[in-house]
Amino acid sequence: MAVLLVRHAKAGDRSRWADDDRLRPLTEAGREQAAGLVNAVGTVPVALYSSPFVRWLETLRPMAVAFGLEVTVDDRLAEGTALEPALELLHDVPDGSVLCSHGDVIPMLVDALLRRGMVLDSDVPGVKKGSWFALSRSGDTWERAVWHPAPC
C-alpha cells in the first residue's frame, strides 16, 4: 500500500486575499477537486495528515468524512518547512497514509527521495493543485513514485 503526497486543491488567488494566508479557503473548483480525490486515490486511507493551513484541511475533509478518519495537523507539512523534519514525518507514517502539503514541500520531498534512489514511474508536468504522488517503499527504502493529475 502506498503513501500519498497530495498538493492542496485550488484555492483563491494569494495576491487577492487580504487576510492571513493560512486562512485562505478552497474555491468552488477546489472543493470539487477535494471531493474527487475520495474516489481518485483508489484506496481507503488509514491516516490523514495535513499542513495546518485551512485549504489543506479542506482538501482532506471529504476523505475524512467518507472514511470516518480524523485529520492530524502537522507543522512539518507547512509551507517553508525544512527537508529533514518533512522526511522524518514521511518515514514515520504508516503505509496507506495521505499527506497533504504545499507546492514547495512536495517537490522537495520527491526530489530528495529521487536522489536517494527512488524511481519515478511517470512524467510530472508540474505539481499542480489537487495532484498527488503515490510513493511505495520496502522497509525504510522508498522505491517508486507515480504522479497522478488532479481529479478534475
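A: F53 and W56 are both buried, where buried means under 20% relative accessible area, exposed over 50% and partly exposed in between, with a 1.4 Å probe and protein chains only. This is a predicted model, where local features need pLDDT of at least 70, side-chain atom pairs count only at pLDDT 80 or more, and totals for chains, interfaces and linings use all residues. Residues are numbered from 1 along each chain as its sequence is written, and side-chain values use heavy atoms, leaving out hydrogens and water.

The structure holds one aromatic pair. The ring centres of F53 and W56 sit 5.2 Å apart with planes at 90°, so the pair is edge-to-face (rings of Phe, Tyr and Trp, its six-membered ring, pair with centres within 6.5 Å; planes under 30 degrees apart are stacked, over 60 edge-to-face, the rest tilted).

Now for the helices, which are DSSP runs (H or I, at least four residues) numbered from the N terminus. Helix α1 (residues 28-40) and helix α2 (residues 54-67) have axes that come within 8 Å and cross at roughly 45°; axes are lines fitted to C-alpha atoms over the stretch in contact, with angles from 0 to 180 degrees between N-to-C directions. α1 and α2 are therefore oblique to each other (under 35 degrees is roughly parallel, over 145 roughly antiparallel, 65 to 115 roughly perpendicular, the rest oblique). On the α1 side, A34, A35, L37 and V38 meet α2 residues including P62 and F67, with contact meaning heavy atoms within 4.5 Å.

Terms used. Helices (H or I, at least four residues) and strands (E, at least two) are DSSP runs, numbered from the N terminus.
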